[in-house]
Amino acid sequence: QVQLQESGPGLVKPSQTLSITCTVSGDSITTNGHAWSWIRQPPGKGLEWIGYIVHSGNTYTSPSLRSRTSISRDTSKNQFTLQLSSVSPEDTAVYYCARKVAFLGHNSWGQGTQVTVSS
């Protein structure tokens, strides 16, 4: 059974870079046909897809966040990481990592980590 666990800073100051890591167990982030996503939910709003990294290491990001987003991975640790630069209070949200499987969508999620941007 796949499990995903986010680890993040909790509190980030405006203009800094947010960094969150997702540790995966029960599946490999290099599995063909799987993508590993970052999704967030601001308070009182719906889910927003940020981007994902696929088995080959290629990344795909939301156009609205692309200029500030970097997704990377460490295959030796079976982890992938989100970096979001120049954050503002509008980036305050619960951040989730999730596995996306071809034809099934996002079928496994981490529990989410709250990130607050505030001085």
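Buried means under 20% relative accessible area, exposed over 50%, and partly exposed in between, with a 1.4 Å probe and protein chains only. The model is a predicted one, in which local features need pLDDT of at least 70 and side-chain atom pairs count only at pLDDT 80 or more, while totals for chains, interfaces and linings use all residues. Residues are numbered from 1 along each chain as its sequence is written, and side-chain values use heavy atoms, with hydrogens and water left out.

Cys-22 is buried, with a relative accessible area of 0%, and Cys-97 is likewise buried, at 0%. These two residues form the one disulfide of the structure (a pair of cysteine sulfur atoms within 2.5 Å), with an S to S distance of 2.1 Å. Because the torsion about the S-S bond of Cys-22 and Cys-97 is about 65°, the disulfide is right-handed. Cys-22 belongs to strand E3 (residues 18-25) and Cys-97 to strand E9 (residues 93-101), so the bond ties together parts that lie 75 residues apart in sequence; strands (E, at least two residues) and helices (H or I, at least four) are DSSP runs, numbered from the N terminus.

Two strands pair if DSSP finds at least two bridges between them. E3 pairs with strand E8 (residues 79-84) in the antiparallel sense over six bridges, and within this pairing Ser-19 stands opposite Gln-83 in E8. E8 is also joined by six bridges to strand E7 (residues 69-74), again running antiparallel, and here Ser-70 stands opposite Gln-83. E7 and E8 form a hairpin with four residues between them, where Asn-78 in the turn has a positive phi of about 55°.
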